[in-house]
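Here is a friendly walk through one protein model, told as questions and answers. Have the structure open beside you as you read.

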Amino acid sequence: MAIDSDINLSSPNDSIRQRMFELIQRKQLEIVAALEAIEGNDTKFRSDSWERGAEGGGGRSMLIQDGRVFEKAGVNISKVHGVLPPQAVSQMRNDHSKLDLPAGTSLKFFACGLSLVIHPHNPHAPTTHLNYRYFETWDETGKPHTWWFGGGADLTPSYLYPEDAKQFHQAHKDALDKHDVSLYPRFKKWCDEYFLIKHRNETRGIGGIFFDDFDEFDAERSLKLVEDCFNAFLESYPAITRKRMDTPSTDAEKNWQQIRRGRYVEFNLVLDRGTQFGLRTPGSRVESILMSLPRTAGWVYDHHPEPGSREEELLQVLQNPIEWV
């Protein structure tokens, strides 16, 4: 999949655009290989390439469904470009201070990124989400308007294992500390605030890191930061999954997992900016956007966990985020 063959644009960030796309291609294969090693039994991801047609761009989705360990896991990359309609620009302007544009403005753009969501079968093995992306806009003359990196990774367990939360957070703190020790506290707080299910007053999971609109470093240094964060995920999540994937579980624990997945669906469909942006972008691939939804989920009317239970223990943390490292 060529990155720039169908983009008529000269930009100071040409090299960064190319290298970011090469990075997400490489990390997609590394992550898939790590997950296939956990699956075993010669289970392989299905690879599905797609083109965006006249709008410009495409991507590759890699998915496993009903595996031995993973009920559903998707690892997607994409690179898209074209013109954002005023509705999409308006939404982005609310979240990105650098898009200081009048209402009704269309905008030329380029974006590439990797997004994954992994839902294990076992209720003791956590769901996880990761997304890293590069975004660039320019005016009608081809002059770059603005650019930024964004993304993060977070953990959504059904049952709380503090050592797993610490392992995940420590790996990402170590990655960010290489660049600036102020980043992890900021990005951890940002993650807790972004993944808040406002109508429930609880976070989607036990957090991780999240950042957006990031151009505080030069593009070269920002790209290295993203690469280090990818490596932090590869260092932590597969190891956590191997610890929990064969833990004995009960029907009641599986039912609690279904309820927690229902919360996951609520956030992704009601509040997630990435989902909303994707569905508003012309030529978007709906299957890839909604890949994040679990294979199964459940909703129980007015459900409250038993006082003192492990289910209540998790809920207390989701309602009162804590510092893990």
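Two strands pair if DSSP finds at least two bridges between them. With that in mind, let us look at this predicted model.

Q: In β3, which residue is the bridge partner of glutamine 65?
A: β2 and strand β3 (residues 70-84) pair in the antiparallel sense, over nine bridges. In one of these pairings, glutamine 65 finds its partner in β3, and that partner is lysine 72.

Q: How many bridges join strand β1 and β2, and in which sense do they pair?
A: Strand β1 covers residues 46-51. Aspartate 48 has serine 61 in β2 as its bridge partner. The pairing of β1 with β2 is antiparallel, and the number of bridges is six.

Q: How many of the nine residues of strand β2 are buried?
A: Buried means under 20% relative accessible area. Strand β2 runs over residues 57-65 and is mostly covered. Its count of buried residues is seven.

Q: What phi does aspartate 66 take in the hairpin of β2 and β3?
A: Aspartate 66 sits in the loop between β2 and β3, and four residues lie between the strands of this hairpin. Its phi is positive, although the residue is not a glycine. The value is near 60°.

Q: Is aspartate 66 buried, partly exposed or exposed?
A: Partly exposed covers the range between the buried cut-off, under 20%, and the exposed one, over 50%. The relative accessible area of aspartate 66 is 45%, so this residue is partly exposed.

Q: Where is asparagine 201, and is it buried or exposed?
A: Asparagine 201 is placed in the loop between β7 (196-197) and β8 (202-203). Here too a residue other than glycine has a positive phi, in this case near 55°. With the cut-off for exposed set at over 50%, a relative accessible area of 52% makes asparagine 201 exposed.

Q: What is the relative accessible area of proline 120, and which residues does it contact?
A: Proline 120 belongs to strand β4 (residues 107-120). Leaving aside neighbours within four places in sequence, its contacts are Val69, Phe70, Glu71, Ala125, Pro126, Thr127, Tyr237, Gln257 and Arg261. Proline 120 is buried, and its relative accessible area is 1%.

Q: What distance separates the C-alpha atoms of proline 120 and valine 69?
A: Along the chain, proline 120 and valine 69 are 51 residues apart. Valine 69 is also among the contacts of proline 120. Their C-alpha atoms are separated by 5.8 Å.

Q: Which residues does arginine 285 touch, not counting residues up to four places away in sequence?
A: Arginine 285 lies in the loop between α7 (273-280) and α8 (286-289). It counts as partly exposed because its relative accessibility is 22%. The C-alpha atom of arginine 285 is 8.9 Å from that of glycine 58, which is 227 residues away along the chain. The residues that arginine 285 touches are Asp48, Trp50 and Ser61.

Q: How are α3 and α5 oriented to each other?
A: Helix α3 (residues 162-177) and helix α5 (residues 219-244) have axes 8 Å apart, at an angle of about 165°. The contact involves residues including Phe168 and Ala171 of α3 and Ala232 and Phe233 of α5. The crossing is right-handed. Angles over 145 degrees count as roughly antiparallel, so α3 and α5 are roughly antiparallel.

Q: How are α3 and α4 oriented to each other?
A: The axes of α3 and helix α4 (residues 183-194) come within 8 Å and cross at roughly 130°. His169, His172, Lys173, Leu176 and Asp177 in α3 meet Leu183, Tyr184, Phe187 and Lys188 in α4, and the crossing is right-handed. The relation of α3 to α4 is therefore oblique.

Q: How many helices and strands does the protein have, and what share of its residues counts as buried?
A: The secondary structure comes to nine helices and nine strands. Of the contacts with a separation of 6 or more, 73% are between residues 24 or more positions apart. The protein exposes about 13,900 Å², with 50% of that supplied by carbon and sulfur atoms. Among the 325 residues, the buried share is 55%.

Methods:
Residues are numbered from 1 along each chain as its sequence is written. This is a predicted model: local features need pLDDT of at least 70, side-chain atom pairs count only at pLDDT 80 or more; totals for chains, interfaces and linings use all residues. Side-chain values use heavy atoms; hydrogens and water are left out. Buried means under 20% relative accessible area, exposed over 50%, partly exposed in between (1.4 Å probe, protein chains only). Helices (H or I, at least four residues) and strands (E, at least two) are DSSP runs, numbered from the N terminus. Contact means heavy atoms within 4.5 Å. Accessible areas come from the Shrake-Rupley method with a 1.4 Å probe; for residues, only the protein chains shown count as cover. Axes are lines fitted to C-alpha atoms, for helices over the stretch in contact, and angles run from 0 to 180 degrees between N-to-C directions. Angles under 35 degrees count as roughly parallel, over 145 as roughly antiparallel, 65 to 115 as roughly perpendicular and the rest as oblique. A crossing is left-handed if the near helix is turned anticlockwise from the far one by less than a right angle, and right-handed if clockwise.
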